[in-house]
Amino acid sequence: MIPVLTIGNSPVDQTVVRGPMPNVQINSEPVTLDEGATVVAAVAQTTGRELTESGTPADGGRLGVAVALAGEVVPRSRWAATELAEGDELEIVTAVQGG
Amino acid sequence: MTTTPATASTPTPASETDGGVVPSVQIGSYTLESRLIMGTGGITDLAALEKALVQSGTTLTTVAMRRYSPETKTSVFSMLERLGIDVLPNTAGCYTVKDTVLTAELGREALETSLIKVEVIADEHTLLPDVIETLEATEQLADRGFIPLVYTSDDPAAALRLEQAGAAAVMPLGAPIGTGLGILNPHNIELICSRAKVPVVLDAGIGTASEAALAIELGCSAVLVASAVTRAQDPTAMAEAMRLAVAAGFHSARAGRIPRREHALASSPAEGIINPLDTLT
């Protein structure tokens, strides 16, 4: 069974010690994350969805969300391994009506 | 010569088709089942949009990629997923190659599809495509394994260049986005269709059903319609009209229209007229 990740309690091995409670920008809004927070935690916090470590919704279905960090796409497979640091700029995007 | 869609390897006479069924179109590795691609913009009522999409019979529908906001929760994506309609992310709002490629990558990652509607506009007033940026973006996206459906102007030379750059479909505009002015240069659209080896999708400008039929008669494989349906007084009824128009256009194109003539050609016999004109004098 895939362990469910809760916000602020990342099971990811925190080998890199960073400053506590990083202040990041998510979609140009300042957000303070918990120490050692990964992209999974940031997405969970932004969308309000409970996510598995693999970045899929714990309740099944598709999330329909993608993330760019400093202008580069972070594939979902790397969300759990990507820790966020002070000053990181994230874009969290989804599909909206258009076209 | 009748206008036959590129995908129909052996043209079947219309009389042998069953019940007006329109065959699918191959766009790269993707099979487009319905030749009516829908947009989702221009309507606030999601329930009304859902009805229109269902009535249109569409199997592929565009969405835009934007920053996540809390209001996005009952998203259009989950609706399309529920309806079993494939999603076509676009790069609307992009002005440069860099933004276009990033938006496409985000769309592929978020929606798990390699289809991308490449849309690079020149300015916000005309919303006309910037063909130079579009060409470069198309090349990069094709190299990255996307299936690019490329929005472009109604320029036959540009359409060929885009095809050579890796466009899986070229999508010339009939008229500027949202204008409903129809097909302003039918000759160019016909020329694009006659030379293209990839499917041509008429994108933008369609205002009413007859214009969708015309696009297919000119040789387009499919049409993309958004505002004409979503901003119609009755979107559901217009969606149905569009579905029927696309089918009508397909069958009339295959049936082969009569040539245009300068003068009248009587369809009733000239012999045996009861009161010939010369007896009246």
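1. Chain B and chain A together bury about 2,400 Å², and 58% of that is on carbon and sulfur atoms; buried area here is the accessible area (1.4 Å probe) that two parts lose on being put together, summed over both. Three residues stand out on the B side: Arg67(B), Tyr68(B) and Glu109(B) supply 31% of the area that chain B buries against chain A, more than any other three residues. The contact (heavy atoms within 4.5 Å) takes in 24 residues of chain A and 27 residues of chain B.

2. Before going further, a word on the basis: this is a predicted model, with local features needing pLDDT of at least 70 and side-chain atom pairs counting only at pLDDT 80 or more, while totals for chains, interfaces and linings use all residues. Residues are numbered from 1 along each chain as its sequence is written, chains are lettered from A and ligands numbered from 1 in the order in which they are written, and side-chain values use heavy atoms, leaving out hydrogens and water.

3. Now the charges. Three salt bridges cross the interface of chain B and chain A. One salt bridge pairs Glu91(A) with Arg67(B), at 2.7 Å from N to O.

4. Arg62(A) deserves a look: with Glu81(B) and Glu112(B), Arg62(A) is linked in a network of salt bridges. To Glu81(B), the closest N and O atoms are 3.4 Å apart. Arg62(A) sits in the loop between strand S4 (51-52) and S5 of chain A and Glu81(B) in helix H2 (residues 76-83) of chain B, so this pair joins two chains. Helices (H or I, at least four residues) and strands (E, at least two) are DSSP runs numbered from the N terminus. The salt bridge from Arg62(A) to Glu112(B) is at 3.9 Å, N to O; this pair also crosses between chains, with Glu112(B) in the loop between helix H3 (97-111) and strand S6 (115-118) of chain B.

5. How open are these residues? Buried means under 20% relative accessible area, exposed over 50%, and partly exposed in between (1.4 Å probe, protein chains only). Arg62(A) is partly exposed at 31%, Glu81(B) is partly exposed at 34%, and Glu112(B) is exposed at 52%.

6. Within chain B, Glu119(B) and Lys117(B) form a salt bridge with the closest N and O atoms 3.5 Å apart, and both residues are buried. Lys117(B) also lies over the face of Tyr151(B), 5.5 Å from the ring centre. The charged end of Arg108(B) sits over the ring of Phe146(B), at 3.8 Å from its centre. The rule here is NZ of Lys or CZ of Arg within 6 Å of the ring centre and within 35 degrees of the ring normal.

7. Chain A has one helix and seven strands, running β-β-β-α-β-β-β-β from the N terminus. Of its 99 residues, 46% count as buried. Two non-glycine residues to check by eye: Asn27(A) has phi near 50° and lies in the loop between strand S2 (23-26) and strand S3 (29-32). Ala70(A) also has phi near 50°, in the loop between strand S5 (65-69) and strand S6 (72-74) of chain A. Asn27(A) is buried at 10% relative accessibility, whereas Ala70(A) is exposed at 66%.

Terms used. A salt bridge is a side-chain nitrogen of Lys or Arg within 4 Å of a carboxyl oxygen of Asp or Glu.
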